[in-house]
Amino acid sequence: MKLFFSALQWLAFIVASSIVAPIAIASIYGMDLVETAGFVQRTFLVLGLSSLLQVYFGHRLPINEGPAGLWWGVFIIYAGLGPTLYGSGEETLRAIQSGILISGILFMILSVFGIIDRISKLFTPVVTGVYLILLVSQLSGSFLKGILGIGYRGKYTVDLKILGICVVLIIFSFVFSKKGPRALKQYSVLFSLALGWGIFALFGLTDPIQVPSAHIISVPESFAFGLPTFDTGMVATSVLVTLLLLTNLIASIRVVEQVLKAQEVPVEKTRYRPAGFIAGINQLLAGLFSAVASVPISGAAGFIATTKITSRLPFILGSIFLISISFFPHVMIFVSALPTPVGYATVFIIFANLMVPAFQEFDLIENKSSSRLIIAFSLFVGIGAMFVSAEAFEQISPIVASILNNGLILGTVVSIFIEQLAIRFEKLG
């Protein structure tokens with residue numbers, strides 16, 4: 001029974017932290033309820049399969065796969081540019097689908113030739129710490145908007161009723177995970193999700209779930225947007241996204257390893273090359289099933305630290321549960337109705353906890369005086385980029401915009417560049 005609830009806890013965390021991306025993308029591209037549920041269905045199938053492939057053949061760590069923020073950004077950027085470049089939203093989705101397939105092939109090439117191992121050496125404690133702080137900083141905007149209820153009921157102002165409920169949920173999650181019954185406190189995410197959804201329904205803050213006539217069981221459709229269309233612009237975007245996703249992959253592995261070691265869990269030698277190769281397969285799966293491509297989520301570290309569920313078996317079962325429910329359209333429609341503020345409030349503490357391993361990374365730094373300057377400069381640039389509106393990059397190439405408009409990637413790249421430059425100068429001096 002304990003194993004079942006731990007697996008259910010993983011399932012709840014994966015759903016709560018992954019549901020926003022496909023729903024938001026579906027809304028941008030004008031998908032109806034059935035199309036949205038299908039998009040969520042395909043994305044969940046890919047996330048579940050990707051997690052199993054990684055835990056068995058890739059990095060072998062309990063790290064859930066989630067919609068890659070970079071690909072999410074590509075979907076958003078091309079929603080505006082696509083009709084001009086490709087003629088329609090449907091053609092845009094086919095082009096992005098091709099880009100994800102190209103990314104999968106590139107991941108495999110980089111892993112086979114060992115390039116991923118060389119890139120992993122760039123992730124020093126300075127870079128990893130900067131990455132984590134920027135990650136939390138970038139997520140905090142979306143989390144706070146969700147918790148404040150901005151945009152949830154069609155109003156782009158603060159909703160005090162939603163805010164009050166979300167604050168109660170956050171406090172409940174924190175207290176329950178710390179002071180709850182010993183046998184139950186590791187399931188704080190599960191309880192918080194159920195409680196929040198129930199309160200939202202009680203206050204009339206949920207929409208009626210309209211279930212259209214559909215088969216009880218359906219197999220997720222491949223190439224749902226149509227056959228992929230290839231062009232040089234999307235190829236260039238795919239190359240850049242793949243290189244940047246490698247940083248996410250490496251950072252997530254490092255952070256989860258650190259958390260597991262802190263819990264005194266034995267960790268085998270880091271497997272970057274197998275993880276990169278499997279990441280390529282996962283990208284191909286996302287392209288095949290017209291889903292949001294995945295990447296190992298650093299938030300898994302916060303989940304493990306909060307729940308103390310360190311074993312791989314509950315994670316494996318949770319991933320199997322995710323795959324199983326993806327074959328039931330009615331379940332997908334139900335899951336798609338999850339109030340987004342509840343999802344944000346439920347995993348708020350887990351993602352906030354990612355700051356802790358960042359500071360632990362900084363404690364490992366030997367030359368602290370020069371490293372502090374690198375950290376400060378990188379955070380200044382990265383966080384600053386988060387405040388620049390996306391509209392400011394409309395006249396710039398999508399490839400360049402995907403870097404300059406992403407504070408997480410820009411700040412991380414800056415920290416790598418400055419630190420490597422400083423190392424070269426020290427050797428010359």
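Two salt bridges are present in the structure, a salt bridge being defined as a side-chain nitrogen of Lys or Arg within 4 Å of a carboxyl oxygen of Asp or Glu. The structure is a predicted model, in which local features require pLDDT of at least 70 and side-chain atom pairs count only at pLDDT 80 or more, while totals for chains, interfaces and linings use all residues. Residues are numbered from 1 along each chain as its sequence is written, and side-chain values use heavy atoms, with hydrogens and water left out.

Side chains of opposite charge can pair when their charged atoms come close. Helices (H or I, at least four residues) and strands (E, at least two) are DSSP runs numbered from the N terminus. Arg60 has a relative accessible area of 31% and is partly exposed, as is Glu268 at 41%; this class lies between buried (under 20% relative accessible area) and exposed (over 50%), with a 1.4 Å probe and protein chains only.

The salt bridge between Glu91 and Arg94 has its closest N and O atoms 3.0 Å apart. Both residues lie in helix H5, and because they are three residues apart, about one helical turn separates them. Glu91 is partly exposed at 25% relative accessibility, and Arg94 is likewise partly exposed, with a relative accessible area of 25%.

Helix H5 (residues 89–112) also contributes three residues, the largest share, to a nonpolar patch. This surface patch of about 480 Å² comprises Ile105, Ile109, Val112, Phe113 and Phe277. Patches are built from residues with over 30% relative accessible area and no salt bridge, like charges being joined within 9 Å and nonpolar side chains (Val, Leu, Ile, Met, Phe, Trp, Tyr) within 5 Å; accessible areas follow the Shrake-Rupley method with a 1.4 Å probe, and for residues only the protein chains shown count as cover. Val112, located in helix H5, counts as partly exposed because its relative accessibility is 48%.

Turning to helix packing, the axes of helix H8 (residues 160–179) and helix H9 (residues 188–202) come within 10 Å and cross at roughly 155°. H8 is therefore roughly antiparallel to H9.

Methods:
Axes are lines fitted to C-alpha atoms, for helices over the stretch in contact, and angles run from 0 to 180 degrees between N-to-C directions. Angles under 35 degrees count as roughly parallel, over 145 as roughly antiparallel, 65 to 115 as roughly perpendicular and the rest as oblique.
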